[in-house]
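Hi,

Here is the structure I promised to pass on. My notes on it follow below the files.

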Amino acid sequence: MEGTLRKLITLKFGEIPESASKRLEQAADEQLDTWVEQILNANSLDDLFTTRR
């Protein structure tokens, strides 16, 4: 799931900053799943990581 989310982030927002990359590496599967759903509506990488369901 992490690989898919990385690809989606790169396609939508461009290169992934190191801080975001570390956050992805440390995230549980449940959090990754939430971010995969939220990326469709996120306007920025910060928005993706702060948006709550």
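This is a predicted model: local features need pLDDT of at least 70, side-chain atom pairs count only at pLDDT 80 or more; totals for chains, interfaces and linings use all residues.

On the α1 side, the contact is made by Glu2, Leu5, Arg6 and Ile9. On the α2 side, Ser21, Leu24 and Glu25 make it. By type, the residues of this contact divide into three nonpolar, one polar and three charged.

Now the geometry of that pair. α1 covers residues 2-13 and α2 covers residues 18-26. They pack at an angle of about 155 degrees. Their axes are 10 Å apart. Angles over 145 degrees count as roughly antiparallel, so α1 and α2 are described that way.

α1 also packs on α3, which spans residues 29-38. Here the angle is about 30 degrees, with the axes 10 Å apart. Angles under 35 degrees count as roughly parallel, and α1 and α3 are therefore roughly parallel to each other. The handedness is left: α1 passes α3 in a left-handed crossing. Glu2, Leu5 and Leu8 of α1 meet Leu32, Trp35 and Val36 of α3. This contact divides into five nonpolar residues, no polar and one charged.

Glu2 of α1 is in the contact with α2 and in the contact with α3. Leu5 of α1 is likewise in the contact with α2 and in the contact with α3.

A check on α1 itself. How far apart are its end C-alpha atoms? They are 16 Å apart. At 1.5 Å a residue, the 12 residues of α1 should span 16 Å, so the two values agree. After α1 comes Gly14. Its phi is positive, near 95 degrees.

Last, the whole chain. The secondary structure comes to four helices and zero strands. Along the sequence, the pattern reads α-α-α-α. The radius of gyration is 10 Å, close to the 10 Å that the globule rule gives for 53 residues, so the protein is as compact as a globular protein of that length. Taken along the principal axes, the C-alpha atoms fill a box of roughly 25 × 20 × 15 Å.

Best wishes

Note on methods. Residues are numbered from 1 along each chain as its sequence is written. Side-chain values use heavy atoms; hydrogens and water are left out. Axes are lines fitted to C-alpha atoms, for helices over the stretch in contact, and angles run from 0 to 180 degrees between N-to-C directions. Helices (H or I, at least four residues) and strands (E, at least two) are DSSP runs, numbered from the N terminus. Angles under 35 degrees count as roughly parallel, over 145 as roughly antiparallel, 65 to 115 as roughly perpendicular and the rest as oblique. Contact means heavy atoms within 4.5 Å. Ala, Val, Leu, Ile, Met, Phe, Trp, Tyr, Cys and Pro count as nonpolar, Asp, Glu, Lys and Arg as charged, and the others, Gly among them, as polar. The expected span of a helix is 1.5 Å times one less than its number of residues. The radius of gyration is taken over C-alpha atoms; the globule rule is 2.2 Å times the number of residues to the power 0.38. A crossing is left-handed if the near helix is turned anticlockwise from the far one by less than a right angle, and right-handed if clockwise.
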